[in-house]
Amino acid sequence: RGDAQSLPFREKQLDFVWWGLGIHKVQDDEEALRNVRKALRPGGRLMATTRTFLYPPFELRMMSNAAGFHNISVECVGKGTSTERLLLRAEAPN
């Protein structure tokens with residue numbers, strides 16, 4: 001657990017980050033994604049969810065790419081339900 005804009009981890013320390021329903025809760029979502037990418041080891045993976053009405057899938061993909069992630073996928077899960085959200089999967093570059 002940590003503040004995504006000021007993570008308590010060294011660079012390239014983590015293999016995996018799960019960020020559940022939090023991207024939309026930080027002041028600077030792009031900076032937070034960059035910080036997560038820096039904390040991941042090469043090939044480390046990020047899985048994150050956010051509300052579908054807050055980000056179009058292409059915007060979440062573009063932000064992740066700008067943060068330096070590779071192999072990015074964004075899909076809608078729970079479509080048509082009260083728990084509908086976007087699932088982001090991305091990988092830190094090798």
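Start by selecting helix 1: it lies across strand 1, strand 2 and strand 4, and runs at about 145° to strand 2. Helices (H or I, at least four residues) and strands (E, at least two) are DSSP runs here, numbered from the N terminus. For the angles, axes are lines fitted to C-alpha atoms, for helices over the stretch in contact, and the values run from 0 to 180 degrees between N-to-C directions. Touching, or contact, means heavy atoms within 4.5 Å.

Some housekeeping before moving on. You're looking at a predicted model, where local features need pLDDT of at least 70 and side-chain atom pairs count only at pLDDT 80 or more, while totals for chains, interfaces and linings use all residues. Residues are numbered from 1 along each chain as its sequence is written, and side-chain values use heavy atoms, with hydrogens and water left out.

You have an open sheet of 4 strands in the order 1-2-4-3, with mixed pairing. Strand 1 and strand 3 are the edge strands, each pairing on one side only. Two strands pair if DSSP finds at least two bridges between them. On average, neighbouring strands of this sheet are turned by 10° against each other, direction ignored.

Zoom in on strand 2 and strand 4: they run antiparallel and are joined by 7 bridges. Pick leucine 46 and look across to strand 4, where alanine 90 stands opposite.

**Helix 1 and its buried face**

Bring helix 1 back and select Asp29, Ala32, Leu33, Asn35, Val36 and Ala39, the buried residues of this helix. (Buried means under 20% relative accessible area, exposed over 50%, partly exposed in between, with a 1.4 Å probe and protein chains only.) Look down the axis of helix 1: the buried residues fall within an arc of 160°, so they line one face of the helix. That arc is taken from the directions from the helix axis to the C-beta atoms. What do these buried residues pack against? Strand 1, strand 2, helix 2 and strand 4.

Stop at asparagine 35 in helix 1. Asparagine 35 counts as buried, at 17% relative accessibility. Leaving out residues up to four places away in sequence, asparagine 35 touches Ala4, Gln5, Ser6 and Leu7.

**The core**

Next, select Trp19, Ile23, Leu33, Leu40, Leu46, Phe69 and Leu88. These touch the most other members of the largest nonpolar core, which has 22 residues. A nonpolar core is a set of buried Ala, Val, Leu, Ile, Met, Phe, Trp, Tyr and Cys residues joined through side-chain atoms within 4.5 Å. Strand 1 (14-19), helix 1 (29-39), strand 2 (40-51), helix 2 (57-66) and strand 4 (85-91) each supply at least two residues of this core. Helix 1 gives the most, with 4 residues.

Center on leucine 88. Not counting residues up to four places away in sequence, leucine 88 touches Ile23, Leu33, Leu46, Met47, Ala48, Leu60, Ser64, Ile72, Ser73 and Val74.

**Salt bridges**

Show the charged side chains. Side chains of opposite charge can pair when their charged atoms come close. How many salt bridges does the structure hold? There are 3, each defined as a side-chain nitrogen of Lys or Arg within 4 Å of a carboxyl oxygen of Asp or Glu.

- Arginine 41 meets aspartate 15 (3.0 Å, N to O). Arginine 41 is in strand 2 and aspartate 15 in strand 1, so the pair ties together parts that are 26 residues apart in sequence. Arginine 41 is partly exposed at 36%.
- Arginine 45 meets glutamate 91 (3.4 Å, N to O). This pair links strand 2 to strand 4, 46 residues apart. Arginine 45 is partly exposed at 49%, while glutamate 91 is buried at 13%.
- Arginine 89 meets glutamate 75 (2.6 Å, N to O). Arginine 89 lies in strand 4 and glutamate 75 in strand 3 (residues 70-77), so parts 14 residues apart in sequence are tied together.

Finish with leucine 21, in the loop between strand 1 and helix 1. Leucine 21 has a positive phi of about 45° although it is not a glycine. Then jump to asparagine 71 in strand 3, another non-glycine with a positive phi, near 45°. Is each one partly exposed or exposed? Leucine 21 is partly exposed at 22%, and asparagine 71 is exposed at 59%.
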